[in-house]
Amino acid sequence: MGWKTLINMLDLNEKNILITGASSGIGRAISIVVGKSSPSNVILCGRDVRRLEETIQASGFIPDQAKCYRFIGDFSEGHTIPDLVSFIKDLRISLDGIVFSAGIDKLMPFRFLSEKILSDLLHINTVVPVETTRQLLKNNLVNPQGSIIFISSIMGVVGQPGQVAYSISKGGLISATKALALELSKDKIRVNVITPGIVITDLTKKMFDSLTPESVDEIRKMHPLGFGKPEDVANFVSFLLSDQASWITGSTLTIDGGYSAH
Amino acid sequence: MKTDQFLSELHAALEIKSLHSVNEKTCLKDLEEYDSMMILGIIAFVDEKFNKSLTTEQLNGITDFKSLMDLIGLENFD
């Protein structure tokens, strides 16, 4: 199937989309794919101004066809969620799609895991996406038939040494998805979660730097199809945002190159 | 921190079962338990006890526990 045909199938025409973690990794790739799918308005959130601008350049937004708004913020700061909600309200935009891709990782043997590290991961990876969703809904900023997507991790499904905190934080999104999907079904708002395997991003490269080459090789061998690329996840996210996925909700969708098939 | 205390606490924290105890000349990479998790454990232990951040790259360059203590800084030991 050609790229143009695929894009036509994933038409996001006249949709307003919010993407967090847009300046790097999977969030960046999602922003680029969404940008090429004819949305009306896209709000890209990130911490890094320069990298967010690079994402926007790569997305090829055509000003008279789609408006792209930048929100610079750090979700570790308490005011960021209300600031984001106010930002969207001021734009007078109601959202058809939301992708929560912002997240952090901390590889740490369990015996050394501090309450602060656990709390930090839970805050960014679990509380922020859920609380942001709650505030957007409370302020009537999500349209009926909208699509909410949490980017979790295969670590939220299976375990690995050193990943207890990360697994807890990403696994929480899976549970939240099921409950939220049922609660929002009356408005036909779909909620789904994606659990990617290891995708090569700056975050995973940083993780690999803290491992021995033998460990990295061992992890690679656990992925029958090799490590993933951000685009592998982005294409599927775009599908979930589209009307073609109108009967999918409450689902955990694994994209992991066969990692969890063992 | 006394050297004996450091080695004893680190031995316990890293759950080294292959040896009853370690000394300055014990080679880390010869330990059965040596892997990425042990390296991360050492980094966390040093951060907790000495408020010093080590990197995996630095630890890849050490040999025995004495070289680890050199990395931490001998001024930190009695």
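This is a predicted model: local features need pLDDT of at least 70, side-chain atom pairs count only at pLDDT 80 or more; totals for chains, interfaces and linings use all residues.
Biologist: Which side chains meet in a salt bridge, then?

Modeller: The side chain of B:Glu15 meets that of A:Arg111, with 3.5 Å from N to O, and this is the one salt bridge that the rule finds across the interface of chain A and chain B.

Biologist: And how many residue pairs are in polar contact across that interface?

Modeller: Four residue pairs are found in polar contact between chain A and chain B, counting pairs with both residues at pLDDT 80 or more.

Biologist: What is the area buried between the two chains?

Modeller: About 1000 Å² is buried between chain A and chain B, and carbon and sulfur atoms give 68% of that area; in terms of residues, twelve of chain A are in contact with twelve of chain B.

Biologist: Changing topic, is strand β1 of chain A mostly covered or uncovered?

Modeller: Strand β1, which spans residues 16-20 of chain A, is mostly covered, with five of its five residues buried.

Biologist: Which way do its residues point?

Modeller: A:Asn16, A:Leu18 and A:Thr20 point one way from β1(A), while A:Ile17 and A:Ile19 point the other way. In a regular strand, side chains alternate between the two faces of the sheet.

Biologist: Which strands does β1(A) pair with?

Modeller: Four bridges join β1(A) to β2(A), residues 41-46, and these two strands run parallel, with A:Ile17 standing opposite A:Val42 in β2(A). Between them the chain passes through helix α2 of chain A, residues 25-35, in a right-handed β-α-β crossover. β1(A) also pairs in the parallel sense with β4(A), residues 95-100, over four bridges, and there A:Ile19 stands opposite A:Val99.

Biologist: Now A:Val127, where is its place?

Modeller: A:Val127 lies in helix α5 of chain A, which covers residues 115-138.

Biologist: What is A:Val127 in contact with, leaving aside neighbours within four places in sequence?

Modeller: With those neighbours left aside, A:Val127 is in contact with A:Leu122 and A:Thr132. A:Gly172 is 45 residues from A:Val127 in sequence, and the two are 9.1 Å apart in space, C-alpha to C-alpha.

Conventions:
Residues are numbered from 1 along each chain as its sequence is written. Chains are lettered from A and ligands numbered from 1 in the order in which they are written. Side-chain values use heavy atoms; hydrogens and water are left out. Buried means under 20% relative accessible area, exposed over 50%, partly exposed in between (1.4 Å probe, protein chains only). Two strands pair if DSSP finds at least two bridges between them. A crossover is right-handed if, with the strands pointing away from the viewer, the path from the first strand over the helix to the second runs clockwise. Contact means heavy atoms within 4.5 Å. Buried area is the accessible area (1.4 Å probe) that two parts lose on being put together, summed over both. A salt bridge is a side-chain nitrogen of Lys or Arg within 4 Å of a carboxyl oxygen of Asp or Glu. A polar contact is a pair of N or O atoms within 3.5 Å; within protein, one must be able to donate a hydrogen and the other to accept it, and residues adjacent in sequence count only if both atoms are side-chain atoms.
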